[in-house]
Amino acid sequence: MSQFAINLLFVGASFALYIGIAIWARAGSTKDFYVAGGGVHPITNGMATAADWMSAASFISMAGLLASGGYANSTFLMGWTGGYVILAMLLAPYLRKFGKFTVPDFIGDRFYSNTARLVAVICLIVASITYVIGQMTGAGVAFSRFLEVSNTWGIWIAAFIVFLYAVFGGMKGITYTQVAQYIVLIIAYTIPAVFISLELTGNPIPGLGLFSTHTESGVPLLAKLDDVINALGFRDYTADVDNKLNMVLFTMSLMVGTAGLPHVIIRFFTVPKVADARWSAGWALVFIALLYLTAPAVGSMARLNLMTTVYPDMAGQVENYDEAATSPILYEDRPEWVRTWEETGLITYTDKNNDGRIQVYNDSNEAFADTAEQRGWEGSELDVNNDILVLANPEIANLPSWVIGLIAAGGIAAALSTAAGLLLAISSAVSHDLIKTMINPRITEKGEMLAARISMAGAILLATYLGLNPPGFAAQTVALAFGIAGASLFPVLMMGIFSKRMNNVGAVAGMLSGLVATLLYIFTYLGWFFIPGTNTLANTPDNWILGISPLSFGAVGAMINFAVAFSVSSVTKAPPQEIQDLVESVRYPKGAGMAVDH
Amino acid sequence: MADDKSNAAAYWSANVRLITGCLIVWALVSYGCAILLRPLLAGIPVGGTDLGFWFAQQGSILTFIGIIFFYAWKMNRLDKKFDLGE
């Protein structure tokens, strides 16, 4: 059977499973649609949350980011997991007790203001749509690589599949589909990692292999990796960073962004009890950690594998790295997987010094330029796209072709599950918060569900359109989604629970100032409304205020939000007694029913 | 009613104390050991690198899981103790 047929079989079988589940768990009521009937077991919910959370970015990109950035990119690992600690202690149990369907519901009711509700809806929609675009693009790339269709077709196929199960299934369908998707994606991620870890360190658990001895050379794996890339002019993989302020703020932005992203928060409305919301956050993190503890191993081992493939003399015990670096492989002798990926254009080779060999090194390192010249190198010749690491892993490790099919299914599952969760958050904000609560309170349950489905279809079309014509800012959009959610929604949700004194004016002022400050900072460096070339200042560390990158600004935006909200609230009228009673009641689990409609 | 109120207030302040403690540990492992205090931990070797690196890539995640389960377990006991559970 050809690789294409195997990919088709795996992707097709996993789709049949998801669609089957979506039909089996079809939503019959608005409650089924929004919160899965409110009867989801905490472990099941944890697994679904994990699939919801781990997108194409986690599955496909993160290992590549770790491989290229080493220690400095640990921020992604800590930021995307540490947010669950805040979620479990500061938001999830109380929002579950509050017992409504959506995030704007809480903000609108708690701050007794439809303005606050509207601002929350806007923040939610902007954050979610920007995030969906990335997922559509990711799914499109995965489809086009494995199904051998054009990127455009890949995105349309992804849109169609998401439409089918998200629109017909609602939350109930999504919950059980996401459980299936989690299982597919974790198996797909782990199997190649286990084999690679065994091959390099003899340890079957990749997370432990990372800190074990590299079998071939007899030195610790990470020390070996440092030696190898050091001889090629790269920074040590484990090297410390100088700009610690930026590292702290970036980690914090990812954490508050995680806690403020509405599609993750609404998952906690689906469990039966307040106590379950707490357990559920823990289980979600356990399931996420299974991938996140493997990712750094995948990244570092893939980097080592790539380097020792190019420089075979560096693989074993090396006396003199300078000497080992002088004999990279001949281009003709490159392994099969390099050839297949060259066809996709994601690996490119240019023989700059015409010696027929492949030289890979850090040609932007000025201190290394002399060494490179002595070796007769005229620039790094192999350009490898970071994003292919996970997808190419089975090929690098010479694993059987069914593992490649499995990886294809896993990558697509990761992108689709997140897209579906985000679309649900968008549709409930439109149909429930905008139409039912603010425009037409007398709408029937059937009418509301129809509006939800129409808005979901509209959001899919918009995201597909933007995915087809990407404005060229995939990484920035994801950061923007985190920045917006972290700087606007997270602080007001937290103050709504922990401060009885916080009033409507304070909350609206806080949300708007956090949002605007974050957007201004991002636009200044990345272009106004992301139009390339319109940025006021070049996006370089020298221009950043206090060395804070635009990606890290979400944390500062959140602090501005808190500060403005508290100052404005302290000089305006305290909230009415019934609101203070409401805050009181969300703090205690007693008397929590199922999540209810108005 | 007055008893209910002071009972509820005691429950809430116990919860806030617990959260504060958990957040201190949370910040200590991530912002502390993994980032700011890494130079101080550089002398402690872990599999080819140092303890700070381990915290950044694995230790903090494992601690996060521990914190959430500890909090959930402790809160369940508080719910019962103050009779405010479901």
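This is a predicted model: local features need pLDDT of at least 70, side-chain atom pairs count only at pLDDT 80 or more; totals for chains, interfaces and linings use all residues.
**View 1. A positive phi at A:Tyr112.** Most residues other than glycine have a negative phi. A:Tyr112 is not a glycine, yet its phi is positive, at about 35 degrees. Is this residue buried, exposed or partly exposed? A:Tyr112 has 16 C-beta neighbours inside 10 Å, so it counts as partly exposed.

**View 2. A positive phi at B:Asp83.** Here we move to chain B, to the segment that comes after helix H2 (51–81), which is where B:Asp83 is placed. B:Asp83 is a residue other than glycine with a positive phi, near 55 degrees. Its surroundings hold 10 C-beta neighbours inside 10 Å, so B:Asp83 counts as exposed.

**View 3. Helices H14 and H18 of chain A crossing.** Back in chain A, this view brings together helix H14 (residues 295–310) and helix H18 (residues 388–396), whose axes come within 11 Å. The two axes cross at roughly 55 degrees, and H14(A) and H18(A) are therefore oblique to each other. The crossing in which H14(A) passes H18(A) is left-handed. Which residues meet where these helices touch? From H14(A) come A:Val298, A:Gly299, A:Ala302 and A:Asn305, and they meet A:Leu389, A:Val390, A:Asn393 and A:Ile396 of H18(A). Sorted by class, this contact has 5 nonpolar and 3 polar residues, with no charged residues.

Note on methods
Residues are numbered from 1 along each chain as its sequence is written. Chains are lettered from A and ligands numbered from 1 in the order in which they are written. A residue is buried if 20 or more other C-beta atoms lie within 10 Å of its own, exposed if 12 or fewer, and partly exposed in between; C-beta atoms are placed from the backbone. Helices (H or I, at least four residues) and strands (E, at least two) are DSSP runs, numbered from the N terminus. Axes are lines fitted to C-alpha atoms, for helices over the stretch in contact, and angles run from 0 to 180 degrees between N-to-C directions. Angles under 35 degrees count as roughly parallel, over 145 as roughly antiparallel, 65 to 115 as roughly perpendicular and the rest as oblique. A crossing is left-handed if the near helix is turned anticlockwise from the far one by less than a right angle, and right-handed if clockwise. Two residues are in contact if their C-beta atoms, placed from the backbone, lie within 7 Å. Ala, Val, Leu, Ile, Met, Phe, Trp, Tyr, Cys and Pro count as nonpolar, Asp, Glu, Lys and Arg as charged, and the others, Gly among them, as polar.
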